[in-house]
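Here's a quick briefing for anyone opening this structure for the first time. Take a look at the model, then read on.

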Amino acid sequence: MIVNLGGLRLNNPVTVASGTFGYGREYEDYVDISKIGGIIVKGTTLEARPGNPPQRIFETPAGMLNAIGLENPGIDVFLNEFLPELVERNVTVIANIAGNIVEEYAEVTRRIEKHKGIAAIELNISCPNVKQGGLQFGTDPKAVKDVVKAVKSETSIPVIPKLSPNVTDIVEIAKAAEAGGADALSMINTLMGMAVDINTRKPVLGNIFGGLSGPAIKPVALRMIYQVYKEVDLPILGGGGIMNVNDALEFIMVGSSAISIGTGNFVNPQIAEDIITGLRDYLEANSITSIEDIVGVAVQR
Ligand SMILES: Cc1cc2nc3c(=O)[nH]c(=O)nc-3n(C[C@H](O)[C@H](O)[C@H](O)COP(=O)(O)O)c2cc1C
């Protein structure tokens, strides 16, 4: 079930989403992490970040809200302390990077480029672009193009911007990423949401707003991937609410060459392995030789 995602070679199409699988260490007792197609590690920034004040997680009907705020030890700690362990275990590592300004993304990329062992870079562009007055990169086509271009110019490994669904026209954003030189697209990140505690009469999350993930966002993700697959000629890493193999197949049929599992890991730590087995069974039962044969079959072009 080998997959080529814009130059990124995965042994199978199943990856685990950034921020939901730590650095792989946390899941080692439950699953053989080298069997997963790729591990997208926790989002990393240039400097260490403490993250947002608590409460940072809240369960919702059919999903969860999180406002972790990119807590991470910084790129150098990741590269020197966590990465070697993953490389030793033969894991395909995809770094997920974030920054406040374009130059931070470029600097993190320069440091990654000096190390061996990272197969691709996923760009989290759902961050405030301080120089443009607090707008998120991911909601501004020009900013998307600029950040992708800046990162591409610093590295030879595939660059995969992760699109935010908090926009009116996802195709416009995908086209901007393509214009910047993206090798593939990852979609979707979380949808902005909130919850209120009726006893304290205050928002539940310390950050007030958080990102909604899980089954609740699956229909939105499928719709956006369908739209982008139809109009943009880049491979897609699809995800958002995948909880079983049937969900994964839906994502593939609307145009995902590979898929990512996020919230599902919290419910079933072995979900990635289960879905890999389920995909193999589906292909066999339907006499399909390659996943590629069903990518986008549900899309009218
Ligand atoms: C607790 C938590 C932390 C996350 N951290 C990151 C992150 O650091 N970078 C990122 O790009 N996405 C992050 N995400 C978003 C996920 O990678 C994924 O795109 C999203 O949850 C949708 O997929 P799902 O519905 O399968 O969870 C996080 C999600 C959760 C639930």
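This is a predicted model: local features need pLDDT of at least 70, side-chain atom pairs count only at pLDDT 80 or more; totals for chains, interfaces and linings use all residues.

**The largest pocket**
- This pocket holds about 1100 Å³ of space. It's lined by 50 residues, and the closest to its centre are Asn66, Asn124, Asn189, Thr190 and Gly211.
- Several elements supply at least two lining residues each, among them strand E6 (63-66), strand E8 (118-124) and helix H7 (264-267).
- Strand E16 (210-213) gives the largest share of the lining, three residues.

**Helix H6**
- H6 spans residues 245-253, and its buried residues are Asp247, Ala248, Leu249, Phe251 and Ile252.
- Those buried residues are covered by elements including helix H5 (218-231) and helix H8 (271-285).
- At the start of H6, Asn244 brings a side-chain oxygen to within 3.1 Å of the backbone nitrogen of Asn246.
- Just after H6 comes Gly255, with a positive phi of about 120°.

- As background, most residues other than glycine have a negative phi, and most peptide bonds are trans.
- The bond from Pro54 to Gln55 is cis, with omega near 0°, and Gln55 sits in the loop between strands E4 and E5.
- Another cis bond runs from Met187 to Ile188, with omega near 15°.
- Asn90 has a positive phi near 65° and counts as exposed, at 65% relative accessibility.
- Arg201 also has a positive phi, about 60°, and is exposed, with a relative accessible area of 73%.

Conventions
Residues are numbered from 1 along each chain as its sequence is written. Side-chain values use heavy atoms; hydrogens and water are left out. Buried means under 20% relative accessible area, exposed over 50%, partly exposed in between (1.4 Å probe, protein chains only). Helices (H or I, at least four residues) and strands (E, at least two) are DSSP runs, numbered from the N terminus. Contact means heavy atoms within 4.5 Å. A polar contact is a pair of N or O atoms within 3.5 Å; within protein, one must be able to donate a hydrogen and the other to accept it, and residues adjacent in sequence count only if both atoms are side-chain atoms. On a 1 Å grid over the protein atoms alone, a cavity is a set of points where a 1.4 Å probe fits but cannot get out, and a pocket is an open set with protein on both sides within 12 Å along at least five of seven lines; lining residues have an atom within 4 Å of a point. Grid points are joined across faces, edges and corners, and a volume is the space filled by probe spheres set on the points.
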